[in-house]
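Visitor: Hello! Could you walk me through this structure, one question at a time?

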Amino acid sequence: MHLIFGGAYQGKLDCAKANHTYETICDCSDGREPDFDADIICGIEGFVMQCAKTGTEARKYFEEREELWKNKVFVITDTSQGVVPIDKDVRAFREMNGRLMLYLADKAETVTRVFCGIGKRLK
Amino acid sequence: MNVLISGGCKNGKSYYAQKLARDRARALNKPLYYIATMIPRDEEDRARIRRHLSERDGWGFETLEQPTDLTALLEDLNVDKEGVFLLDSVTAIMENEMFQRVETAGSLKGKSNIEIVYDETAKDRVKADMVAFAKGTGNTVFVSDGIYGDMGEYSESTEDYRKALAAADRALAEACDEVIEITYGLAEQWK
């Protein structure tokens, strides 16, 4: 799996498209469950937000399906900076997203951070 | 050489950019310009401007006040386009143009009110202005702000603003020869 992350609007998906061959993209930013048949799965933080609402641990969800996503490209927004959110659910989401990113970065073959449209490989 | 500098708040971007611009102007033996972009709204802003002015004192900057309409400088015959420019910041110009403060006559004791008018056409205009300025000068250091790594729970207009600034940053990153992220005074080269 190749993990691409960065802040909002930085061009993460463009970076994924430019550096990997793909046919299909699954966008989870509306909260939908990832379709692991797609080549690129982006907006994963949207699915994590949904997990936080329903009390599912996102990391566990991915752990249980590792065989399905070994060859995928994952795109996720880094929400770890800034002030701790006042809202309890948002706080839970942010922490869950962080735990998931830690796990995915560990499992990933490559990790790329995107800044101002430019990707830099960290791993 | 055009350079884009970004990073978090109070990380030393301005100081780094000032040094870069000054050294560049000295090396090229060209005039050194500081493009001041802030429209002061209160005493806190005025204090910030005074602090910035004293920090730049003795560096050899000529200050150009241009809080909006950046490309007007390209038409200004008193400005040497071959010079080195420090634009601090893209963030402020985007704000000034997207959210214009218009004075309206108030009802109480003849006091005026400030109304904020949201200009939807500003985002594309500012983005194009930035790229045109980079191309029209060739030696500009642009300072922007990294405001994208948090939860982003903002009002619609603020979210529009974040999106617009990110688009301008990306266009500038494409147009510039170097892109540098500053973290607590330390520079990370992205391009």
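Guide: Gladly. A nonpolar core is a set of buried Ala, Val, Leu, Ile, Met, Phe, Trp, Tyr and Cys residues joined through C-beta atoms within 7 Å. Keep in mind that this is a predicted model.

Visitor: How many residues does the largest nonpolar core have?
Guide: Val75(A), Ile5(B), Met130(B) and Phe142(B) are the residues with the most contacts inside this core. The largest nonpolar core has 76 residues.

Visitor: Which helix gives the most to this core?
Guide: Look in chain B, at residues 156–175. Eight residues of the core come from there, and the helix is α6 of chain B.

Visitor: Which residues does Phe142(B) touch, leaving out those up to four places away in sequence?
Guide: Phe142(B) is among the residues with the most contacts inside the core. Its partners are Val3(B), Leu4(B), Ile5(B), Leu87(B), Val90(B), Met130(B) and Leu172(B).

Visitor: Which are the edge strands of the open sheet in chain A?
Guide: Six strands with mixed pairing run in the order β2-β3-β4-β1-β5-β6. An edge strand pairs on one side only, and here these are β2 (25–27) and β6 (118–121) of chain A.

Visitor: What is the bridge partner of Gly6(A) in β4(A)?
Guide: Strands β1 (residues 2–6) and β4 (residues 73–77) of chain A pair in the parallel sense over five bridges. In β4(A), Gly6(A) is partnered by Thr77(A).

Visitor: What angle does the direction of helix α5 of chain A make with that of β1(A)?
Guide: Helix α5 (residues 88–107) packs on the sheet, where it touches β1, β4 and β5 (110–115) of chain A. Its direction and that of β1(A) make an angle of about 140°.

Note on methods
Residues are numbered from 1 along each chain as its sequence is written. Chains are lettered from A and ligands numbered from 1 in the order in which they are written. This is a predicted model: local features need pLDDT of at least 70, side-chain atom pairs count only at pLDDT 80 or more; totals for chains, interfaces and linings use all residues. A residue is buried if 20 or more other C-beta atoms lie within 10 Å of its own, exposed if 12 or fewer, and partly exposed in between; C-beta atoms are placed from the backbone. Helices (H or I, at least four residues) and strands (E, at least two) are DSSP runs, numbered from the N terminus. Two residues are in contact if their C-beta atoms, placed from the backbone, lie within 7 Å. Two strands pair if DSSP finds at least two bridges between them. Axes are lines fitted to C-alpha atoms, for helices over the stretch in contact, and angles run from 0 to 180 degrees between N-to-C directions.
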